[in-house]
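Colleague: I have just opened this one and would like a walk through it. Can we take it piece by piece?

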Amino acid sequence: MLLCVTANHKTAPFDLLERLSRTPDDLAGSLSEGSKGAVVLATCNRFEAYVDVDGAADETDVARILSTVAERSGIPADTLTASSSVHSGARVVEHLFSVASGLESVVSGEGEIAGQVRRALTSARKHGTTSPELERLFQRASEAQRKVKNDTALGRAGRSLVRLALELADSRIADWSAARVLLVGTGAYAAVTLATLRERGAQDISVHSPSGRGAAFAAKHGIRALPKAEYARAAAHATIVITCTSAELPVLDAAILRTGRGPALTALPSPDDAAFDCPIPGHGPSTGAAPTQLIVDLGMPRNVAADVAEVEGIALLDLETIRLHAPLEELQATDAARSIVRAAAATFHEVGARESVTPAVVALRGHIFELLEAEIQRARRRGDDGGHVEQAMRHLAGVLLHTPTSRAHELAAQGRGSEFIAAVEALYGLNAEAVAERDAPDDAATA
């Protein structure tokens, strides 16, 4: 049975989500112990553990998952429990499909989550923690996301966190073509950020990579790479700095900015190109002077140290602020998108239900046809040279099996597949799993 434990922007404070984003890469391995498999999805606004448990899930399974996450993250179990919600069974499927489609994001319809869902499955495969049911779940989630994107207005109008951040920055920057932009990071968010900056007309864009991948990223995208020696000065004199790395420690702090400004400068000079307009309310310096530099932190964990906000002339815009400014009332999911998700979830359950009774159906049919072949051989020995008896018996077997097979699928669709399995075992003494193992090909023999 599938279980999902989730802490997200609706249930947990930003600081807790930031701590959860630092959970070890092998967390899924710990969660899969005693279960069939596990996949962990960690993004800037959510942490979710999907676990395929043996049998029907109960409170013990949930407690084990929460305890494991608490132990590996260093978050007290009580705090984690209070900030999490749990989905089980059928609800897990619709939840993940909604998440993958951007329906549960801060910005409804945002595009980055789809890639994050795919990468979560890839990571689980790498660590060997998936199960057939989790594979099917995440693959179908990606299919549902693509259908929502292609078939609804949500897919066409949905905005990403990157786009929303730059829309908030629009209130500060009157002329993007005159702005000096420093991009810190070279991952998927950096590529999206760069494309969005160019849409706005930004031309003077440099990139710095704390991990040393700046040169390759710059060459690929036609921008300038900054070596480490130039980073502090560039950061201090950029019109806007956008950080989007996966580094666990801040890549920008007050000391770096002050070093870049030099001992003779206490604040940045106002750009003579008038690139700045009005400040973001509540995010200017405490002195009341108009900020001359905007820093946007898209990292999770935070890329920018808290002391940067105390530096004169700085306006800091981080994910928590972006979340508070998200115009959710304009970005609600459409009915069409929700309908697609519900239909995809229903199909997932129907297919899964059919698969659950398949071994029993196969066992029953195999049993009947085994009896049939024995009777046919007996008829042949009695002189049925024309094959008329054989033909009639095969037809009869097909007729007799039609109703049980159809009924098995009907019961499965109603969630009553276990009744069919029990009936086959009671009436014919067949153990479907044992029959499947018996008839499975011998890997050693076929290798």
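Colleague: Which residue in β7 does Ser206 stand opposite?

Modeller: Ser206 stands opposite Arg224 in β7. Two strands pair if DSSP finds at least two bridges between them. Helices (H or I, at least four residues) and strands (E, at least two) are DSSP runs, numbered from the N terminus.

Colleague: Before we go on, what kind of model is this?

Modeller: It is a predicted model, where local features need pLDDT of at least 70, side-chain atom pairs count only at pLDDT 80 or more, and totals for chains, interfaces and linings use all residues. Residues are numbered from 1 along each chain as its sequence is written, and side-chain values use heavy atoms, with hydrogens and water left out.

Colleague: What is the average pLDDT for the chain?

Modeller: The chain averages 82, and 83% of the residues score at least 70. pLDDT is the predictor's confidence in each residue, from 0 to 100. Residues 328–333 have a pLDDT below 50, and beyond near neighbours in sequence that stretch has 10 contacts in the model. Contact means heavy atoms within 4.5 Å.

Colleague: How many helices and strands does the chain have?

Modeller: There are 19 helices and 10 strands. Of the 447 residues in the chain, 48% are buried. Buried means under 20% relative accessible area, exposed over 50%, and partly exposed in between, with a 1.4 Å probe and protein chains only.

Colleague: Back to β6 and β7. What is the strand order in their sheet?

Modeller: The order is β7-β6-β5-β8-β9-β10, an open sheet of 6 strands with parallel pairing. β7 (224–225) and β10 (314–318) are at the edges with a single partner strand each, so one side of each has no neighbour in the sheet.

Colleague: Which strands does helix α10 lie across?

Modeller: Helix α10, residues 188–199, lies across β5 (180–184), β6 and β8 (240–243). It runs at about 165° to β5. Axes are lines fitted to C-alpha atoms, for helices over the stretch in contact, and angles run from 0 to 180 degrees between N-to-C directions.

Colleague: What about the sheet of 4 strands?

Modeller: That one is open too, ordered β2-β3-β1-β4, with antiparallel pairing. β2 (37–43) and β4 are its edge strands, each with a single partner, so one side of each is left without a neighbour. The twist averages 15° from one strand to the next. Strand β1 (residues 2–8) is joined to β4 by 4 bridges, and Val5 has Val86 in β4 as its bridge partner. Helix α5 packs on this sheet, touching β1, β2, β3 and β4, and its direction makes about 140° with that of β3. Helix α6 (residues 112–126) packs on it as well, touching β2 and β3.

Colleague: Why call α5 largely enclosed?

Modeller: Because 8 of the 11 residues of α5 (residues 90–100) are buried. Among them are His95, Leu96 and Phe97. Just after α5, Gly102 takes a positive phi of about 85°.

Colleague: And Ser85, what does it touch?

Modeller: Leaving aside neighbours within four places in sequence, Ser85 is in contact with Cys4, Val5, Thr6 and Thr11. Ser85 lies in strand β4, residues 85–88, and is partly exposed at 24% relative accessible area. The C-alpha atoms of Ser85 and Cys4 are 8.3 Å apart, although the two are 81 residues apart along the chain. Cys4 counts as buried, at 0%.

Colleague: How many disulfides are there?

Modeller: A search of the whole structure finds 0, a disulfide being a pair of cysteine sulfur atoms within 2.5 Å.

Colleague: Last topic. How many aromatic pairs are there?

Modeller: The structure holds 2. Rings of Phe, Tyr and Trp (its six-membered ring) pair if their centres lie within 6.5 Å; planes under 30 degrees apart count as stacked, over 60 as edge-to-face and the rest as tilted. Tyr50 and Phe138 are edge-to-face, at 5.3 Å centre to centre with 85° between the planes. Tyr50 is in strand β3 (residues 46–52) and Phe138 in helix α7 (residues 132–151), so the pair ties together parts 88 residues apart in sequence. Both Tyr50 and Phe138 are buried. The rings of Phe97 and Phe348 have centres 6.1 Å apart and planes at 90°, so that pair is edge-to-face.
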